[in-house]
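Subject: Structure for your review

Dear colleague,

Please find below the structure that I am handing over to you.

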Amino acid sequence: MPTERIRSLGVLTSGGDAQGMNAAVRAAVRTALNRGIQVYAIYEGYQGMVDGGELIRKLSWADVGGIVHRGGTIIGTARSADFRTSEGRLRAARNLVEREIDSLVVIGGDGSLTGANTFRHEWPKLLEQLVQQGSIAPKLADRHRTLHVAGLVGSIDNDMFGTDMTIGADTALHRITAAIDAISSTAASHQRSFVVEVMGRHCGYLAVMAALATSAEWVLIPENPPEVDDWEEMMCRRLRAGREAGRRDTIVVVAEGAQDRHGRPISSEYVKRVLEERTGDDTRVTILGHVQRGGSPSAFDRNLSTILGYAAVEHLLGAEDSSEPQVFGIRGNRITRTPLLHCVEQTHAVADAIAARNYEQAMDLRGRNFREAYRTHRTLARALPHASTGQECYRLAVMHCGTLAPGMNTAVRAAVRLGLDKGHQMFGVRNGFRGFIAGDIQPMDWFSVNGWVSRGGAELGTNRDLPSQEHFARIAQEIDAHALDGLLIIGGWSAYQAAYRLIRQRDAFPALKLPIVCLPASINNDLPGSELSIGADTALNNIVEAVDKIKQSAVAHRRVYVVEVMGRQSGYLALMSAMATGGERVYLPEEGITLHDLMTDVATLRRGFEQGKQLGLYIRNDSANPVYTTGFIAALFEHEGGSLFDVGQAILGHLQQGGNPTPFDRIQATRLAAACIDWLVEAAGRATGDAAFVGMQEGEIRFNQLENLPDMVEQTARRPRVQWWLDLRPIAKLMSQQDPLQS
Ligand code: F6P
């Protein structure tokens, strides 16, 4: 039912475009239509609001169909000079109120949201002025005394307070890491140096995270200029050391806003000159430019935008007259809402701190994760570890157990290098517990993990073998033989089971009392204590890319596709890929499939195609039901669809596990591995035989005691008791079902 307060809502995208804006527009439009509210698109950002006419048009459910995968914004964007004038804002107010629009979803960056805030506060005065001029009736002004604003941060820069991630930043990182991966292979072939300039305006987020996610050796950002005046020499010394240690490529990432301690800009051309003059290296510059803002959004950006677009409209529907504009963002995987004014102030505080050369404060304002990522990169990119400071040295082993997950190599590399850097000895166990039992345990040095940050697969080897009764004595012997002080197991469900089995044998085999920690790596995202496991983001993106192509082929043929995705007993990949691709029905293992469901689905499909539908996309998790398989469902639909539609099936299989890890998986793998090494070292010092598993929860790294594992999982169903993403089901459903009021 239409709500009393809102009659019409406007949506606009403003400022620099960002991948994911379309998904946000679609989500806002469909959420509003679903509640019986008219939605107007305001084309070309604030300029359209000022100019009005055809630039403010109603959107239907179908108008926003088939756009989630598209880059840019279908409703256009601009940086409007007119809206910065009070005359322009008066015209904008008139254009809105004449259409009874008094609620806005503004998708844009810092400048666009600041503009929205100003407009919101001027609104009553603007309406008064319009009444005085006789441009609008007093009654109309009375009905719309307040302008309600919900802001979504659309900007690749990730520079705004109020959200962990802005819309577009993840996709921009995809573009940058793909470019640096490609550059590093040509650089290594020629033993060349490359300076890669990335966007970000005054924010170093893209530069730092791209450096962390690739093999870049040096990074220059606005928030933390090099500490010394002769930073050029310091940088070149480090790069020379890398070459001497055997590196064939050198990559320096320069944020476009980089500057030195005195506030003088550092350009990529300048860095090239320095490298050529001081290292004699053949050096090239690559300025990535607008490639970073283009192309199809990543799975994360599509889903982030969808969830935030939904949340923004839901909020506007319930907003009071006194409500202040809010920014919608995420913290971990939770939606957050923060007063817009506060977000703008805090965002400007960083720029002010940089301008005042107060770099400590600028780094503090960017947050703990940013500082930590910067520090971790500096260590990982070293030519060799720091010299030992004489602290206690432990012998720590790293291994995998479970099915392959992209990002496993990244985690091993981070663990090995960070362990070595702290003065410990690091060992790699090959081929999971099979290798452990066979004594295949080798020391690992700094260079043994060179290039692993971006490499898919698992160089150490992995399998699902679990240790059983006859193996524990052998494992204990190997621990003693190598004098191991701690064990990091990077893997999935089997890794957790194996670790739990080991701790249950500690009384019988005291060697097993060494600290053990599990790091979640599984494309299924089915591990307890972690909202996202390493590999799941890569698998999701693999699925989304494949489904985008399948959809294109299906629409040409009036076809329904039944796509089967992995996930075992967790429907995470199925639900999130459906949300990211516009899948209208998703079969989850958590819900199962009944005959009645299938009959309803057939009826829905027939009705849809009779009314002109062109495409059907059904996504089935591989374990959703043992009888109603993908083949069965496809055959059933084919038969029941008759001449209305064709049916195709696609079982995506192992392409989901393949490929190089996404930037998100690389960054998470690195962060979690760093935390695990710290944890192991502390636990080894305590010598109390702690055992735990690590994970990201609500944006924080947390450890859970391994002995609590049984309480946190449904053992027979093989999944965590709590799965946060199940709450997203209504949003996914709303986005894909035809608006009942329009059908
Ligand atoms: O804010 C997004 C952004 O891409 C910045 O990273 C960059 O500095 C700027 O926009 C480029 O602006 P334009 O597209 O107007 O050249």
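This is a predicted model: local features need pLDDT of at least 70, side-chain atom pairs count only at pLDDT 80 or more; totals for chains, interfaces and linings use all residues.

Residues are numbered from 1 along each chain as its sequence is written, and side-chain values use heavy atoms, with hydrogens and water left out.

Helices (H or I, at least four residues) and strands (E, at least two) are DSSP runs, numbered from the N terminus. Two strands are taken to pair if DSSP finds at least two bridges between them.

The sheet

Seven strands form an open sheet with mixed pairing, in the order S3-S2-S1-S4-S5-S10-S11. Strand S3 (56–58) and strand S11 (334–339) are at the edges with a single partner strand each, so one side of each has no neighbour in the sheet. From one strand to the next, the twist averages 25°. Strand S1 (residues 8–13) and strand S2 (residues 38–42) run parallel and are joined by five bridges; Ser 8 stands opposite Gln 38 in S2.

Helix H3 (residues 86–97) packs on this sheet, where it touches S2, S3 and strand S4 (101–108), and its direction makes about 120° with that of S4. Axes here are lines fitted to C-alpha atoms, for helices over the stretch in contact, and angles run from 0 to 180 degrees between N-to-C directions. Helix H11 (residues 340–355) lies across S5, strand S10 (326–331) and S11, at about 85° to S11.

Of the 14 residues of H1, 13 are buried (under 20% relative accessible area, with a 1.4 Å probe and protein chains only), so the helix is largely enclosed by the rest of the structure. Val 25 lies in helix H1 (residues 21–34) and is buried at 1% relative accessibility. Leaving out residues up to four places away in sequence, Val 25 touches Val 11, Thr 13, Leu 59, Val 64, Ile 75 and Ile 107, contact meaning heavy atoms within 4.5 Å. Just after H1, Gly 36 has a positive phi of about 80°.

His 144 is in the loop between helix H5 (138–143) and strand S5 (148–153), and is also buried, at 1% relative accessibility. Its contacts, apart from neighbours within four places in sequence, are Arg 7, Val 97, Glu 100, Asp 102, Trp 123 and Leu 127.

Most residues other than glycine have a negative phi. Glu 44, in the loop between S2 and helix H2 (45–51), has a positive phi near 60°. Ala 687, in the loop between helix H22 (663–686) and strand S21 (691–697), has a positive phi of about 55°.

A helix pair

Helix H10 (residues 299–318) and helix H19 (residues 572–581) pack at about 80°, with their axes 9 Å apart. H10 and H19 are therefore roughly perpendicular (65 to 115 degrees). The contact is made by Ala 299, Arg 302, Asn 303, Thr 306 and Ile 307 of H10 and by Met 576, Met 579, Ala 580 and Thr 581 of H19.

Yours sincerely

Note on methods
Buried means under 20% relative accessible area, exposed over 50%, partly exposed in between (1.4 Å probe, protein chains only). Angles under 35 degrees count as roughly parallel, over 145 as roughly antiparallel, 65 to 115 as roughly perpendicular and the rest as oblique.
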